[in-house]
Amino acid sequence: MDLSRSAEWSALVSHHHDIEKTAISDLFRTEQDRNIRFSVSSPGIHLDYSKNRITARTMELLLDLARSTGLEKKRRQMFGGEVINFTERRSVLHTALRRPPGYSMVIDGDDVSAEVSSVLDQMKSFCGKVISGEWRGYSGKRMTDVVNIGIGGSDLGPYMVTEALKPFAHGSLRVHFVSNIDGSHLAETLRGLKPETTLFIVASKTFTTQETLTNAMSARDWFLTGAVDRAHVASHFVAVSTNRKQVEEFGIDAENMFRFWDWVGGRYSLWSAIGLSIALYLGFDRFSELLAGANAMDEHFQNAPFEENMPVIMAMLGIWYNNFLDARSHAIIPYDQYLHRFPAYLQQLDMESNGKRVDRVGRETDYATGPVIWGEPGTNAQHAFFQLLHQGPGIVPADFIVALKTQNPIGPHHDMLVANCFAQTEALMCGKSEAEARAELEAAGYEGLELRMLLPHKVFPGNRPTNTIVLDELNPFILGSLIALYEHKVFVQGVVWDINSFDQWGVELGKQLAKVILPELDAGKAIGSHDASTNALINRYREFKASQPLKGDPQLSMFD
C-alpha cells in the first residue's frame, strides 16, 4: 500500500483543510453531548478525548484509514504468534506472558504457554523464599536490598513499575536499579548497602550487553570485598538471561537463571522474568495483578469495535496530529507523583518502536512516523514547560493522566492536584482571546501604549488538543492496563505507517563504534583514524588520563 497516496489519506488531507480553522471550544457549544460521544472506558480507565480538534467525520475517516491498512488482520497475526517482526524473523508474543492459566499456544513446535507458566512458577517460588527470609546470604542473614542491573527495557520498565506501585510493596525489601555505565550510578546505589544482605539481579538476555556486564562485574567486585569467597556469589546473584554458559562462568548457579525468549522485545519485557525485581518488591500476587490488568486491555483491544477501542482511538488521534497537523512531539503529563518515570518509560516504548524512516519493503517514507515523546509529572510541569504548550508557535498534543483515588489522602492536596489537571486541559482548549485579555488589562488600570504593548503577551491562542485519562486508582491491575494501552497504541501506529515496530537497529551503530574507541583511550600514540573532531576528543581524554597520578586499583577505587 502506498499510504500517502491512498484514497483514505487524501480524504483526511481534504478534511483537514475543511476544519483547519475550527475551534474545539466552538464544537462544545454546538455539540451538547460531545464529551459523551468522544469518551470510552475499559475496566478502571476512562478516556475523554473530546478536547481534540476532531469531529465525528474526523474519527470516521481516521478509522477508515486504520481499516485500509489491514489492522484487524495484523492484530490477529500478532496475538496468533505469526512472524510480524520481519527484519528479525520473530513472533511478537509479549501478550502471551500475561494470559491467564489454561490457554494453549504452540509456536514452531514449542508450547509457549507451558514455558511461560514454568518461568512464572520459578519466579513465584524464588520470591516466596526471598520475601519470607528462607533465602539467606553467606552470613546467614536474610536479604534486605535487591539491586537490579540492566539497561533499556531491562531497567526502564521494572523501575517505572516499582516507583508507580510503592504503596503496594510488602515492605521487607528495598529495590534499587543500576543502568548507566557511569560508575557514579553504581557507586551511589551501593553506598550504604551491605554485601551480606544484598541480592543482585543481572538482567541481560544474551549476558553480553557491555554496560550491564561491566556494572555486574564491578558489583561482584564490591560484593567480594565483604564476602571474600567467590563461591558466595551464587547466593547473592541471580540472572535473567538465556545464556547459561556465560551465567555460570560469572558465578551464578544455573538453577537461579530465569529464562525469557527472543519473542519478548526489551521494551515489552517487564511482563517476563525481567519483572523479577517487581515481583520481589510487591510480592508475586501483586505482580500477577499487574499481568491481569494488561491482559484485560489485551482483551479490550482484540474485541472492542474500533469506534470504542481505546488503543485504536489514541493511535489514530496521534496520526491525525503527526501526519495532518504537523505536530512532531507528544507530551505525557501524569498528575501522579508515583508515575514520575512513566514518560521516560514511554519514550523507549514509542520512539524505539516507531522511530523508523523506511517502510516494510525498505522504501523511505514520505510521511512522518514516530513523534518525540516527552513529559514530566504535573503540577511540576506547569511551572516548567507549560509555557510552550500554551503560547508556543505550534501545537503539542498531550495526554493528561490522573487517578480519582489518591494513595495518600493528605488535606486538600489531591483536590488541588485534580483541579489543576482539569483546569489545564480546559485552559489549553479555550485559551484567552484578545478581547478577554484587553478587558482584564483595562480592569487592572492599563491603558494607551502600555496596554497595547502588553496585550499580545497576554493572549492565549487556545485550541490546543489533549486527552484526559482518568484512572479509578493507581493500583497493579490498572497500571498493567495503562501500560498495555500504550503498547497497543504504538502497535496500531506502526501498522498504519507500515513500519516494523519491533526491531531497533538504530541503537546498534553507536555501540559498535564505542567498542572501537574504548581500547584507543589507552593507546600508546595519538589517534588519527576517525574524523578530526572525534580524533581530537579522544586525544584530549587520553592526555587528561595520562596527567593523572595512579591511585590504587581503579576497579575498586569507587568503593573506597
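**Figure 1. Buried salt bridge between Glu 487 and Arg 98.** Glu 487 and Arg 98 are both buried in this predicted model. Their side chains form a salt bridge, with an N to O distance of 2.9 Å. The pair joins distant parts of the chain, 389 residues apart: Glu 487 belongs to helix H19 (residues 476-497), whereas Arg 98 is located in the loop between helix H5 (71-80) and strand E3 (106-107).

**Figure 2. Salt bridge between Arg 5 and Asp 366.** The closest N and O atoms of Arg 5 and Asp 366 are 3.0 Å apart in this salt bridge. Distant parts of the chain are again linked, at a separation of 361 residues: Arg 5 lies in the segment before helix H1 (7-19), and Asp 366 in the loop between helix H14 (342-354) and strand E11 (372-374). Arg 5 is classed as exposed because its relative accessible area is 58%, and over 50% counts as exposed. Asp 366, with a relative accessible area of 47%, is partly exposed.

Figure 3. The side chains of Glu 289 and Arg 286 meet in a salt bridge at 3.1 Å, N to O. Both residues lie in helix H12 (residues 284-303) and are 3 residues apart, about one turn of the helix. Glu 289 is partly exposed at 30% relative accessibility, and Arg 286 is likewise partly exposed at 29%.

Figure 4. The salt bridge count for the model comes to 28.

Conventions: Residues are numbered from 1 along each chain as its sequence is written. This is a predicted model: local features need pLDDT of at least 70, side-chain atom pairs count only at pLDDT 80 or more; totals for chains, interfaces and linings use all residues. Side-chain values use heavy atoms; hydrogens and water are left out. A salt bridge is a side-chain nitrogen of Lys or Arg within 4 Å of a carboxyl oxygen of Asp or Glu. Helices (H or I, at least four residues) and strands (E, at least two) are DSSP runs, numbered from the N terminus. Buried means under 20% relative accessible area, exposed over 50%, partly exposed in between (1.4 Å probe, protein chains only).
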